[in-house]
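Subject: Structure for your review

Dear colleague,

Please find below the sequence and the structure that I would like to hand over to you. My notes on salt bridges and on one of the helices follow.

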Amino acid sequence: MAFDVARIRGLFPALGDGWIHLDGSAGMLVPEQVASAVSTAMRAPVSGPGGVFPASQRAESIVTAARRAVADLAGADPDAVVLGPSATVLLNRLVDTLSDTWTLGDEVVVSRLDEQANVAPWLRAAKRVGGTVRWGEIDIETCELPAWQYEQLVGARTKAVSVTCASGSVGTRPDVATVVEIAKRAGALVVVDATYAAPFVPLDLAALGADVLVLSAQAWGGPAVGALVFRDRRLLDRIPAVALDPHAVGPERLELGPHAYPLLAGLVASIDYLADLDDAASGSRRERLLTSLGSAKSYQAGLLAQLSTDLRSLLNVMVIGDATRRIPALAFTVADTKAADVARHLASHNVCAFADEGATGVFASLGVGEVGGAVRIGLAHYTNVFEINQLVNLLQDLPPS
């Protein structure tokens, strides 16, 4: 493996601002090649698709390239990739169209580990049709999402199971494959949110077995673009369409209005960036992605292990959860100090980190709001050991409230 973090840091002009960016869970900084791709596409003549002239053909080629890039990332068919303005918009669109066929008493299964954006659409849909929502609960000590509980959660009336591939809040990577297997035995549709896993974990939709994978390019430094990746293209032709074109087929059935072509060009560049994280990666883009993300996973695992160990050594800090499988994200509380005050202390020393009051999502389930909230840390490809040490030192020197 050849994961050269110094070289990778040189790809990000924004790192010149002098701040330590540990806010990766909100989306990584943008590499220069992504910004350049967007800028170049905005300068070029691009029209709507369907024309015989170059500007129109350029638009079609950008969309085609974007579908292929996302398919390479997910291990899927380009003809099963739906593109849109954000993962949140696309997920809401998917849930709305799926729920058109639900009836009173139908059930959906969501989890306490998921972010609110991945839960709210299912709750609204179930409420609208008089359906039932069942919850996958987390272990409050480890923040694991036990897969065995889905044997009792999934039943004959279950229409859909939604679960995250990784938590951007506490870092947990649940056993999605087992959840998918249980759901499939009951004939339920499975939607997996891979937003936080995609920058760090090689994805293989065919092996995972889920029906739909949700992706957000901003998670790995791409533009504001989302994607839904279907394992079976034929499913797209069976669900109700939302497209303005009544003759739309395939992924276009879930795409509404014209694409933001410059952003799609940036999407392609961002996936190429992921494929080249490892200097030694070779072969097709798919092969380079598997190598590079494997290297990133190993590098980040070492950083996360050091950070977790160092934080646990501080008497005033409590790290939330201790899952076996993780992405490089974690949260912690500081004794007798509100999370917002900790975040302000860090910001006063040029460290970016978020404070979560614990009103929604996984932190609400854990009762974090009762102790003043939690501080969220999200590592990125460009995070290095020096930055980890700086965070720990600042917490060690945190003045009492």
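Predicted model: local features only at pLDDT ≥ 70, side-chain atom pairs only at ≥ 80, totals over all residues.

Asp272 forms a salt bridge with Arg285, the closest N and O atoms lying 3.1 Å apart; the term denotes a side-chain nitrogen of Lys or Arg within 4 Å of a carboxyl oxygen of Asp or Glu. Because Asp272 lies in helix 10 and Arg285 in helix 11, the pair ties together parts that are 13 residues apart in sequence. Asp272 is partly exposed at 24% relative accessibility, whereas Arg285 is buried at 17%. Here buried means under 20% relative accessible area, exposed over 50%, and partly exposed in between (1.4 Å probe, protein chains only).

Residues are numbered from 1 along each chain as its sequence is written, and side-chain values use heavy atoms, with hydrogens and water left out. Helices (H or I, at least four residues) and strands (E, at least two) are DSSP runs, numbered from the N terminus.

The count of salt bridges comes to 19. One of them joins Asp211 to Lys184, with the closest N and O atoms 2.3 Å apart. This pair links distant parts of the chain, 27 residues apart: Asp211 sits in the loop between helix 8 and strand 7, and Lys184 in helix 7 (residues 176-185). Asp211 is buried, at 10% relative accessibility, while Lys184 is partly exposed at 32%.

Another salt bridge is formed by Arg344 and Asp341 (2.4 Å, N to O). Both residues belong to helix 12 (residues 339-347) and are three residues apart, about one turn of the helix. Arg344 is exposed, with 52% relative accessibility; Asp341 is partly exposed, at 33%. Salt bridges that share partners also join Asp72, Asp272 and Arg285 into one network.

Helix 3 (residues 54-74) has 21 residues and should span 30 Å at 1.5 Å a residue, which agrees with the 30 Å between its end C-alpha atoms; the expected span is 1.5 Å times one less than the number of residues. Its buried residues include Ala55, Ile62, Val63, Arg67 and Leu73. The buried residues of helix 3 pack (contact: heavy atoms within 4.5 Å) against elements including strand 2 (81-84), strand 7 (212-216), helix 10 (261-275) and helix 11 (285-312). Just after helix 3, Gly75 takes a positive phi of about 70 degrees.

Yours sincerely
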